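Q: Please take a close look at a single part of this model. Then place that part in its chain and in the whole assembly.

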Amino acid sequence: MDAFSMGLIAAMGALATVAGASEDIESDIGSQSNPNSQVQLAAQVGNPHRIYNKAISGEPPANALWAATAAMVAYTLITAFQMPALLALVAGASVAALFNGVFSISSYFGRNSSQARFNQWVYMDIVRYTTPSIMAHAWITAFCIATISYIMVYMLPTPHPFPMPIIALIWGLAVGAIGSSVGDIHYGGEREFQNRQFGCGLNTMLSGQIVRKAEAGLRNSIDNAWFCTKFGGPATGMGFGLTVFLDNWRTTIFDPVTQASLAIAMGIFFIILMVVYNNYIERSVRAKYGPYPEYKGDIAA
Amino acid sequence: MNFDINTIVYILEILVGGLLVGIGVHFVPVGGAPAAMAQATGIGTGTVQLAAGSGLTGLLAAGLMMSVTDNLWLILASGAVGAGIMIGSTMLTGSWIYAYAVGVPFASAKVNYDPITGFSQPPYVAIGTVGHGIPTICFVSGLIGGMMGGLGGAMIYYPLYLINGNAALSAMFAIGIFLVNAVIASWNIQGTIEGFHDPKFKKWPFAFKACAIASILLALASVLITGGA
């Protein structure tokens, strides 16, 4: 372990944090993944809306595609054309963002035109000014993940044996899984349903009754990004940053050749710490919020 | 290639890896789309997505370890711990959102008392939902599931790398075998599960049989490929 590799690990953690945040905001602007079920349902229960609707696929495979595309283009440019790494990574991320744009637009047109019978319109202005925001966030995600893969393969003292595109594919799957497990709750559980009482899950009766009005005018996906940037995005970034940083930190500070068991023990220590922290949150939230007053059963709180 | 006793051991290792993935998926508390609206207990995403995210992060850790050592136990432990860190961070940051953004206490609707902490659950379940958040029992179950996934991924990668000596090829095959087993298991779960305390967990023998058949077929196909990438 030397100062340089520790700096690289810190840079990877920072890149991962940015990648996680931008991934979540990309999926919130585009309304991808699980909360999109409500956006999809809204028109069908009589609430046509101006929210972007791009359910290309689940977030993990979609992000694996953007990240692997960026890494593959960058890898080709670096190895076959001896291009400087930074320029190659930028070019790769740009190709990934173009892919993202094509998928987003076709998905928006397809989803919304198929709901014409429910009076859902295809809004050209939404396509024009929302799609570039989605592509920009996909660019950031793809660039950060491709850069993490580059650092892992070419710069760390123990280079990773997998080629760049496969590492990017796996990190893309991971960032998508974290984005859809963490940030989407802020979008689906809170932002889409600000019209109900705070502090409870979504009552099944309210399915599809999403908020369609904004502070001024009609709500669109850029408004949702503004809200989710405050907590959902950063929390996702923290989740992915922790994954990348802790996982690489323990194999860098402890040499995997001579101190492998220490690296594993450190990982187990982190895991135990997380269990304790989650339990602390559970206890504090139960104490602060208390049981629901509507509960009629005979089990004591 | 020579079909000898080693090949049979490799096939058995891939089979065990596939089974670990298939059973591990049953432990992961996934609430699917309803959990993203705080309408069901668990993590708000799909089974395969989360299992793949954590298990393959474990594969990355195992791959790194295998490039510097050939000690099977270290490689397996590295895979399990890598996956555990990923799923742990995911559930922890997810808990922040449930606790501080949506503002719900963590509660399971499948049990009256949390088997680990002994906390009562029904008074904390909001009306019209089937629980929300990630109680301790779900957190622990998720860690077990994620770590089994990482262990399984490493167990599949290890023999493949010994056969073909090509990290990229072995990794792609391991990802493929991993996803097949995860998808089979998620059909058995039918969308949502809370962990090993969920009544649905008792259905695991069906997935065990199906994953065993699929893993044997995939193992036979993959041990024959000795290089080429």
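A: Helix H7 (residues 204-223) of chain B has 20 residues. From first C-alpha to last, H7(B) reaches 27 Å, close to the 28 Å expected at 1.5 Å a residue. That expected span is 1.5 Å times one less than the number of residues. Helices here are DSSP runs (H or I, at least four residues), strands likewise (E, at least two), numbered from the N terminus.

This is a predicted model: local features need pLDDT of at least 70, side-chain atom pairs count only at pLDDT 80 or more, and totals for chains, interfaces and linings use all residues. Residues are numbered from 1 along each chain as its sequence is written, while chains are lettered from A and ligands numbered from 1 in the order in which they are written.

Which residues of H7(B) are buried? They are B:Ala207, B:Cys211, B:Ser215, B:Leu218, B:Ala219, B:Ser222 and B:Val223. Buried means 20 or more other C-beta atoms within 10 Å of the residue's own; exposed means 12 or fewer, and partly exposed is in between, with C-beta atoms placed from the backbone. Seen down the axis of H7(B), the buried residues fall within an arc of 110°, so they line one face of the helix. The arc is that of the directions from the helix axis to the C-beta atoms. An α-helix has 3.6 residues a turn, so residues three or four places apart point the same way.

The face of H7(B) turned away from the buried side carries exposed residues: B:Ile213, B:Leu217, B:Leu220 and B:Ala221. What covers the buried residues includes helix H1 (5-27), helix H5 (136-164) and helix H6 (167-189) of chain B.

Now the chain around H7(B). Chain B comes to seven helices and two strands. Along the sequence, its pattern is α-α-α-α-β-β-α-α-α. The radius of gyration of chain B, taken over C-alpha atoms, is 18 Å, close to the 17 Å that the globule rule gives for 229 residues, so chain B is as compact as a globular protein of that length. The globule rule is 2.2 Å times the number of residues to the power 0.38. Along the principal axes, the C-alpha atoms of chain B fill a box of roughly 65 × 35 × 25 Å. Of the 229 residues in chain B, 68% are buried. Contacts (C-beta atoms, placed from the backbone, within 7 Å) with a separation of 6 or more in chain B come 74% from residues 24 or more positions apart.

Next, the partner chain. In all, 73 residues of chain A are in contact with 73 residues of chain B. Helices H2 (36-44), H6 (164-191), H8 (232-253) and H9 (260-289) of chain A each supply at least two residues of the side that touches chain B. H6(A) gives the most, with 17 residues.

Last, the core. The largest nonpolar core has 171 residues. Such a core is a set of buried Ala, Val, Leu, Ile, Met, Phe, Trp, Tyr and Cys residues joined through C-beta atoms within 7 Å. Helix H4 (residues 72-102) of chain B provides the largest share of this core, 18 residues. A:Ala67, A:Ala70, A:Ala142, A:Ala146 and A:Ala168 have the most contacts inside the core. Not counting residues up to four places away in sequence, A:Ala146 touches residues including A:Ala67, A:Ala70, A:Leu89 and A:Ala168.

Note on methods
Two residues are in contact if their C-beta atoms, placed from the backbone, lie within 7 Å.
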